[in-house]
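Hello,

Here is the structure I promised to pass along. Have a look at it first, and my notes on what turned up follow below.

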Amino acid sequence: MSRVFRISFIAAIGVFLLAPLVAPAHPSVDIALSGTAFTPPEIELHVGETTTLRLLASEGTHVLQSDDVGIPKTTIPPDQTTAIVVTPKKAGTFQVHCMATNGAEHTDMILTVKVLP
Ligand SMILES: [Cu+2]
């Protein structure tokens with residue numbers, strides 16, 4: 001076995017073993033934040049199902065937190081995707097308000113999260 005072949009063989013096994021760690025097996029939801037609106041304004045999650053929320057703000061910095069949904073206090077800077085992994089523990093419809101303080105308009109910025117049983 002040549003040395004190059006052996007190294008690439010070991011690298012291939014490494015990629016194979018690491019792939020499940022790099023690519024999450026659970027579903028994700030893309031949410032855009034522009035101005036003071038979430039798009040979509042409402043998302044659905046399921047109790048006990050881990051989901052990655054992928055938030056992309058086109059301008060401004062936003063702050064989200066929800067104990068009901070399981071979102072730790074997270075700052076969402078513009079022009080990059082911020083991933084929040086949630087596993088909701090109780091069913092219900094929850095209004096997640098943006099907590100950013102850089103402008104009064106964020107108070108009216110609401111993401112509705114329906115957690116289905
Ligand atoms: Cu905001």
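Along the chain, the donors of the copper ion are spaced as H-x35-C-x7-H-x2-M. Two of them link distant parts of the chain: H62 sits in strand β5 (residues 62–66), while H106 belongs to the loop between β8 and β9 (110–116), 44 residues apart. Please keep in mind that this is a predicted model.

The atoms that coordinate the copper ion are ND1 of H62, SG of C98, ND1 of H106 and SD of M109, at 2.0 to 2.5 Å. What arrangement do the 4 donor atoms make around the copper ion? It is tetrahedral, because the angles they subtend run from 91 to 124° and the cut-off asks for all angles to lie between 85 and 135 degrees. For reference, the ideal angle for four tetrahedral donors is 109.5 degrees. Both H62 and H106 are buried.

**The chain as a whole**

The protein chain has 1 helix and 9 strands, and in sequence order they read α-β-β-β-β-β-β-β-β-β. Of its 117 residues, 28% count as buried. The chain exposes about 7200 Å², with carbon and sulfur atoms supplying 61% of that area. If you take the contacts between residues at least 6 apart in sequence, 57% of them join residues at least 24 apart.

**The core**

The largest nonpolar core holds 24 residues, and those touching the most other members are I31, I43, L53, L55, L64 and V113. Two or more residues of this core come from each of β1 (28–34), β3 (42–46), β4 (51–57), β5, β6 (71–76), β7, β8 and β9.

**A loop residue, T87**

I also looked at T87, in the loop between β7 (81–86) and β8 (92–97).

Not counting residues up to four places away in sequence, T87 touches G48, E49, T50 and V69. With T50 there is also a polar contact of 2.7 Å between the two side chains. T52 is 35 residues from T87 in sequence, yet their C-alpha atoms are 8.9 Å apart in space.

Happy browsing, and best wishes

How values were computed
Residues are numbered from 1 along each chain as its sequence is written. This is a predicted model: local features need pLDDT of at least 70, side-chain atom pairs count only at pLDDT 80 or more; totals for chains, interfaces and linings use all residues. Side-chain values use heavy atoms; hydrogens and water are left out. Helices (H or I, at least four residues) and strands (E, at least two) are DSSP runs, numbered from the N terminus. Contact means heavy atoms within 4.5 Å. A polar contact is a pair of N or O atoms within 3.5 Å; within protein, one must be able to donate a hydrogen and the other to accept it, and residues adjacent in sequence count only if both atoms are side-chain atoms. Donors are N, O and S atoms within 2.8 Å of the metal (3.2 Å for Na, K and Ca); water is not among the atoms, so sites may look incomplete. Four donors count as tetrahedral if all angles lie between 85 and 135 degrees; four count as square planar and six as octahedral if opposite donors are over 155 degrees apart and all others between 65 and 115; anything else is irregular. Buried means under 20% relative accessible area, exposed over 50%, partly exposed in between (1.4 Å probe, protein chains only). Accessible areas come from the Shrake-Rupley method with a 1.4 Å probe; for residues, only the protein chains shown count as cover. A nonpolar core is a set of buried Ala, Val, Leu, Ile, Met, Phe, Trp, Tyr and Cys residues joined through side-chain atoms within 4.5 Å.
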